[in-house]
Amino acid sequence: MKKAVIYSKDNCQWCERVKQLFAAVNIEYTEYKYEVDFTKQQFQMEFGGDATFPQVQINSKHIGGCKDTLHYLQEQKMI
């Protein structure tokens with residue numbers, strides 16, 4: 001089973017879509033929320049200054065945003 005981490009923020013439709021996608025394919029995830037679990041500076045240091053929400057890691061590998069995650073799961077034949 002794959003384990004995922006989602007770095008999200010409130011009121012983000014793309015964050016919600018990734019969580020729904022993970023629920024549909026039974027991927028367990030841990031969610032870290034902006035301004036609760038990490039700061040803007042920490043986010044930018046980890047993912048770069050132009051990174052958008054959400055950012056996803058699967059099995060400790062950085063995948064990217066919502067579209068990147070969708071493409072990754074398609075490549076892995078999970079959807």
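Reply: The largest nonpolar core of this predicted model has 13 residues. Those with the most contacts inside this core are V18, F22, I27, I58 and L73. Four elements each supply at least two of its residues: β1 (3-8), α1, β3 (55-58) and α3.

F22 shows how these parts come together. Leaving aside neighbours within four places in sequence, F22 is in contact with A4, I6, I27, Y29, V56, I58, T69 and L73. There is also a second, separate core of 8 residues, which includes Y7, C15, F38 and F47.

Next come the two helices. Two packed helices are described by the angle between their axes and the distance between the axes. For α1 and helix α3 (residues 66-75), the angle is about 20° and the axes are 9 Å apart. An angle under 35 degrees counts as roughly parallel, and α1 and α3 are therefore roughly parallel to each other. Their crossing is left-handed. On the α1 side, the residues that meet α3 are W14, R17, V18, L21 and F22; on the α3 side they are C66, T69, L70 and L73. By type, the residues of this contact divide into 7 nonpolar, 1 polar and 1 charged.

C15, one of the residues of the second core, is found in helix α1 (residues 13-24). Its relative accessibility is 1%, so C15 counts as buried. Not counting residues up to four places away in sequence, C15 touches S8, K9, F53 and P54. C15 and F53 are 38 residues apart along the chain, while their C-alpha atoms are separated by 6.7 Å.

The peptide bond from F53 to P54 is cis, with omega near -5°. P54 is found in the loop between α2 (40-47) and β3. Most residues other than glycine have a negative phi, and most peptide bonds are trans.

The place of E35 is in the loop between β2 (28-33) and α2, and that of K77 is in the segment after α3. With exposed meaning over 50% relative accessible area, E35 counts as exposed because its relative accessibility is 63%. K77, with a relative accessible area of 72%, is exposed too.

Methods: Residues numbered from 1 in each chain as written. Predicted model: local features only at pLDDT ≥ 70, side-chain atom pairs only at ≥ 80, totals over all residues. Heavy atoms only, no water. Buried < 20%, exposed > 50% of the residue type's maximum accessible area, 1.4 Å probe, protein only. Contact = heavy atoms within 4.5 Å. Axes fitted to C-alpha atoms, helices over the stretch in contact; angles between N-to-C directions. Parallel < 35°, antiparallel > 145°, perpendicular 65-115°, else oblique. Left-handed = near helix turned anticlockwise from the far one by under 90°. Nonpolar A, V, L, I, M, F, W, Y, C, P; charged D, E, K, R; others polar. Core = buried A, V, L, I, M, F, W, Y, C linked by side-chain atoms within 4.5 Å.
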